[in-house]
Amino acid sequence: MRPFVLCALVLLKIALGDACASGQFTESGQCCSLCPAGFGSKAGCWKEDTKCTPCPQGTFSSSEGLGPCLPCAKCPLSVPMAASCSATQNTQCECDNGFFFLSSHGLCAPCSKCTRSEGVVRECGPQGDTQCQICGPGTFSEELISTKPCQTCTQCSDSEVEIQHCMPYSDSLCMDKKLQILSRPPLGGSDAPRWPGVEDGDTSPTPGTDKFTPQDEGGSNNILAYVSVLAAVVLGLILYVAYKCWRSCKQKRALSKARAAELGASPEGEKLQSDSGVFLDSQSLQDNQPSKGTKRDSKQDSRLYINLPPHRQEEVERLLQEGGGRGWRQLGAALGYEPEQLDLFEHGEAPAHTLLSNWAQKEGSTLGLLCSALARIERPDVVTALNCPTQGVSLV
């Protein structure tokens with residue numbers, strides 16, 4: 001009988017408008033109080049009302065609630081602190097551009113991006129990850145990957161007609177009324193021209209005359225002009241896309257040649273010709289003939305990965321990015337990363353670079369440990385890139 005009375009009391013409070021902010025009630029039917037920011041609850045609210053206590057040092061509570069205080073996060077190694085932890089705010093760390101501090105994992109994770117029909121409500125930064133929201137009425141977002149808020153829909157003018165309403169994923173589409181494509185002039189009537197052989201009240205032409213009126217001829221000319229303009233626009237778009245593709249391929253080819261020149265080998269291998277007409281590939285010669293004096297024992301190599309030259313780090317990241325089944329994810333698992341952390345790295349544009357940059361910030365990130373992890377996943381090519389630079393081989 002007593003539970004029935006409590007349920008009836010709760011329903012009566014809701015019906016009278018006395019809604020409970022916490023959504024929980026004590027055994028006697030009293031609404032549980034929320035602890036303010038900077039306070040936490042030690043015990044649940046059932047027999048008695050909530051008992052709030054100030055958050056001790058090293059913990060925080062940023063909003064009202066019924067839960068306990070949460071422990072403060074720590075910034076990763078070599079990541080500066082933007083704001084220290086307080087009773088009402090968690091620790092804030094200054095991550096690089098395009099990253100935000102994920103306090104639950106204690107690392108800098110890549111920022112998320114909004115998709116089509118969504119706009120940015122809060123930009124990625126010290127406050128957390130990007131927050132997206134579906135565009136409301138009167139706004140739209142046509143970009144597949146966006147970091148901007150929703151745009152305001154275009155309003156057609158009095159001299160235009162709207163042929164497509166504004167949607168969350170596309171803007172309004174307007175057309176000039178002078179094109180006279182949506183409507184045709186009326187046939188007949190008092191204002192229609194009179195043709196020879198046509199009596200008053202007779203709207204049909206005499207036998208042998210053409211039924212095509214001057215108004216129809218003007219509408220057809222407008223349609224032909226519109227189709228011609230549309231064809232010219234389509235042709236221009238095709239030429240523009242072809243030009244962009246050609247320019248992109250040219251830039252990629254120049255970048256490949258520049259990187260190959262920096263590493264000391266051409267992108268297609270050096271074509272070496274002797275008196276006997278033999279052609280050799282410099283990369284295959286290098287794999288078969290390792291350099292003398294550059295081989296190091298990975299277990300005794302105490303050099304830090306972060307001190308490697310930038311071009312050597314780029315070579316290692318490229319090999320891991322193109323490693324297929326034994327790439328950067330397997331290396332991350334060998335270095336002790338959890339699958340959830342690797343999934344966060346995969347959201348970025350260069351997950352191999354993100355993994356190695358994050359690992360290099362940890363204490364004791366030596367080449368010996370990295371080479372041991374690469375040996376466990378059977379990547380001797382990356383170990384070779386770490387120990388000695390790629391060099392072209394010439395044959396005399």
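Residues are numbered from 1 along each chain as its sequence is written, and side-chain values use heavy atoms, with hydrogens and water left out. Because the model is predicted, local features need pLDDT of at least 70 and side-chain atom pairs count only at pLDDT 80 or more, while totals for chains, interfaces and linings use all residues.

The mean pLDDT (the predictor's confidence in each residue, from 0 to 100) is 76 for the protein, and 71% of its residues reach 70 or more. Helices (H or I, at least four residues) and strands (E, at least two) are DSSP runs, numbered from the N terminus. Confidence is lowest in helix 3 (residues 282-288), at a mean of 37, and highest in strand 11 (residues 139-140), at 95. Over residues 265-299 the pLDDT stays under 50, and the model has 47 contacts for them beyond four places in sequence; a contact means heavy atoms within 4.5 Å.

A search of the whole structure finds 12 disulfides, each a pair of cysteine sulfur atoms within 2.5 Å. Cys20 and Cys31 form one of them, with sulfur atoms 1.9 Å apart. This link is right-handed, with 75° about the S-S bond. Cys20, at 16% relative accessibility, counts as buried, whereas Cys31, at 25%, counts as partly exposed. Here buried means under 20% relative accessible area, exposed over 50%, and partly exposed in between (1.4 Å probe, protein chains only).

Cys35 and Cys52 form another disulfide, their sulfur atoms 2.0 Å apart. The torsion about their S-S bond is about -90°, so this disulfide is left-handed. The pair links distant parts of the chain, 17 residues apart: Cys35 is in the loop between helix 1 and strand 1, and Cys52 is in strand 2. Cys35 is buried at 0%, while Cys52 is partly exposed at 30%. Cys245, by contrast, is in no disulfide, and the nearest cysteine sulfur, that of Cys249, is 6.6 Å away.

Helix 7 (residues 351-360) is largely enclosed by the rest of the structure, because 8 of its 10 residues are buried. Among them are Leu355, Leu356 and Trp359. Their cover includes strand 7 (99-102), strand 8 (107-110) and helix 4 (310-321).

Tyr226 is found in helix 2 (residues 214-263) and is partly exposed, with a relative accessible area of 35%.
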